[in-house]
Amino acid sequence: MKRLINLTPSKPTRLLLGLLPFVIIIFIYLVASDARLAENATDKLLPSFAQMGDAIHSLAFEPSKRSGEYLFWQDTFSSLYRLALGIFIAAIIGFTIGLLTGAIPSIHSPIAPLLTIISLVPPMALLPVLFIVFGLGELSKVALIVIGVAPFIARDIQRCTQEVPLEQLVKAQTLGASTWQIVVRILIPQLLPRLINAVRLSLGAGWLFLIAAEAIASTDGLGYRIFLVRRYMSMDVILPYVAWITLLAFLVDWLLAKTSRICFPWHYPNSK
Amino acid sequence: MTILPFDKKILDEKRAKAMPLIKAKNLWKKYGDNVVLERMNVSVNAGEFITMVGTSGCGKSTFLKMLLGMESPSSGELLLEGKPIPDEPDQSRGIVFQQYSVFPHLTVLQNVIIAREFEHSPILGKLFGSAKRNVVEEAKALLESVGLTHALNRYPHELSGGMKQRLAIAQALIRQPRILLLDEPFGALDPGIRADMHQLILQLWREHQLTVFMVTHDLSEGFYLGTRLWVFDKLRRDNQAPNAYGASITYDLPVTRRKNEIPAELQTITKETQDL
């Protein structure tokens, strides 16, 4: 018998083992849900898959009686729009600050300590300030995402910029490059895959801020909906919504990873 | 005895020929209390191939960095054609490092043409159309001379160590520097490939009329490639304060190629450097 650290499951076994926990969780849920519903058919805590399907069907494929909108898609669109806008602005701000502080010592000196302090401010604690300053509209929700995510991206990009080997910067200078040319031709192209990476890592936080902001003040959005129906204990809506948010998060992450691999093949030297 | 008529032009030419390309005058380098180099007095003429050997931390890399402009002298002077050497790297001095010399995000061809793009396109740093085609032709010719024609569109991570260094050399030569600095360029290569690289660098040195400064750990490589071999070591030592005195050039040996014997007094250093 080999040592445990040397035993590697074969590919199909790995796949099966990977699926196993999902199957177990769903099975346990089904058994528990059946048991509760058998005792009390109006139980709301663990709805059956059929009940969840019905709830989502009416939200996704029947116009709302009040506004005539398809609420599920309306929620999805609003949330994704806010998240995308917030992350996009945060990426641009974070990338610029990170690049400049990482590459240019005389910008690093005044900005870097400030950046460190700002990134330690808990963004959620600033949410009331944002509501006071920007009102309860779209702006404060997007601003929360930007404030929460941009410092993280800036610090990550700053670190990556400083990690570019000095040899490359010296080499570029011996080829006659100016500071601007080094930034444009050497640093920015090499940092773009790092930016995608930083965005992927910050998306989790982005979702957190989005749902928090929607829960507190909004009229639509995925976060708004689950906090709204919580009042009626509608687990048949909450659970599919959570699953849907998870799926969306997974898809966005996968899409970014794929894009990075296609656009920057040189960044992945060990994969063929 | 004939007295030659005074001719200022001839005199200037003679002076220019007599003026060394690089001259160090009582050069010192210190980091705080740590003296790395002291009392260096040396001059180098255009066209020499200098190889520098010595134990780790003996200042040969520091001297190379000063030639490159990454470090400045603490006192004394380091002159390039009679003027203080520029205190930041520029296109007058090419460099090949042991690693990280090439840009990982550019293909072989792009790695070479980028130097011309820096030269001709100050804002975008990129060339298009016919300007680009000319540069590409030039780069292809240069890449052919280092034997990389078959790999023009590959990224550096797809190249072997030897090919990467070939690329780094081609890249360093495209802006036609007069001085080529090599910082242990072949240290990480296999012996067979290293021999190929030796032939390549000697050929390029002759073709491009370069003045080469090369740091190496391999004394036989130093003797084989150089026209002049410098050994860096400390002339004075204080065991209570090992950093109190700096190194200097303790042997400055003219080397005739093919005479590949190592003088007896250097045998111990050979051993030391090979142990590293």
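This briefing covers helix packing, the chain interface and selected loop residues.

This is a predicted model: local features need pLDDT of at least 70, side-chain atom pairs count only at pLDDT 80 or more, and totals for chains, interfaces and linings use all residues. Residues are numbered from 1 along each chain as its sequence is written, while chains are lettered from A and ligands numbered from 1 in the order in which they are written. Helices (H or I, at least four residues) and strands (E, at least two) are DSSP runs, numbered from the N terminus.

**Helices α3 and α4 of chain A**

- The axes of α3(A) (residues 71–103) and α4(A) (residues 105–120) come within 8 Å and cross at roughly 130°.
- That angle makes α3(A) oblique to α4(A). Angles under 35 degrees count as roughly parallel, over 145 as roughly antiparallel, 65 to 115 as roughly perpendicular and the rest as oblique.
- Axes are lines fitted to C-alpha atoms, for helices over the stretch in contact, and angles run from 0 to 180 degrees between N-to-C directions.
- From α3(A), A:Ile97, A:Leu100 and A:Thr101 meet A:Ile107, A:His108, A:Ile111, A:Ala112 and A:Leu115 of α4(A). Two residues are in contact if their C-beta atoms, placed from the backbone, lie within 7 Å.
- The residues of this contact divide into six nonpolar, two polar and no charged. Ala, Val, Leu, Ile, Met, Phe, Trp, Tyr, Cys and Pro count as nonpolar, Asp, Glu, Lys and Arg as charged, and the others, Gly among them, as polar.

**Helix α10 of chain A**

- α10(A) (residues 235–263) has 29 residues. From first C-alpha to last, α10(A) reaches 42 Å, close to the 42 Å expected at 1.5 Å a residue. The expected span is 1.5 Å times one less than the number of residues.
- A:Met235, A:Asp236, A:Val237, A:Pro240, A:Tyr241 and A:Ser260 are buried in α10(A). A residue is buried if 20 or more other C-beta atoms lie within 10 Å of its own, exposed if 12 or fewer, and partly exposed in between, with C-beta atoms placed from the backbone.
- The buried residues of α10(A) pack against α2 (49–61), α8 (179–216) and α9 (222–229) of chain A.
- α2(A) and α10(A) pack at about 80°, with axes 8 Å apart. The two helices are therefore roughly perpendicular.
- A:Gln51, A:Met52, A:Ala55, A:Ile56 and A:Leu59 of α2(A) make the contact with A:Asp236, A:Val237, A:Leu239 and A:Pro240 of α10(A).

**A:Ser234**

- A:Ser234 sits in the loop between α9 and α10 of chain A.
- A:Ser234 counts as partly exposed because it has 19 C-beta neighbours inside 10 Å.
- Beyond four places in sequence, A:Ser234 is in contact with A:Ala55 and A:Val229.

**Chain B and its interface**

- Chain B holds eight helices and 10 strands. Buried residues make up 37% of its 276 residues.
- 25 residues of chain B are in contact with 19 residues of chain A. On the chain B side, α3(B) gives the most, with four residues.
- That side divides into 14 nonpolar, six polar and five charged residues.

**Positive phi in chain B**

- Most residues other than glycine have a negative phi.
- B:Gln176 has a positive phi of about 50°. B:Gln176 lies in the loop between α5 (161–173) and β7 (179–183) of chain B. With 12 C-beta neighbours inside 10 Å, B:Gln176 counts as exposed.
- B:Glu184 has a phi near 45°, also a positive value. B:Glu184 lies in the loop between β7 and α6 (191–207) of chain B.
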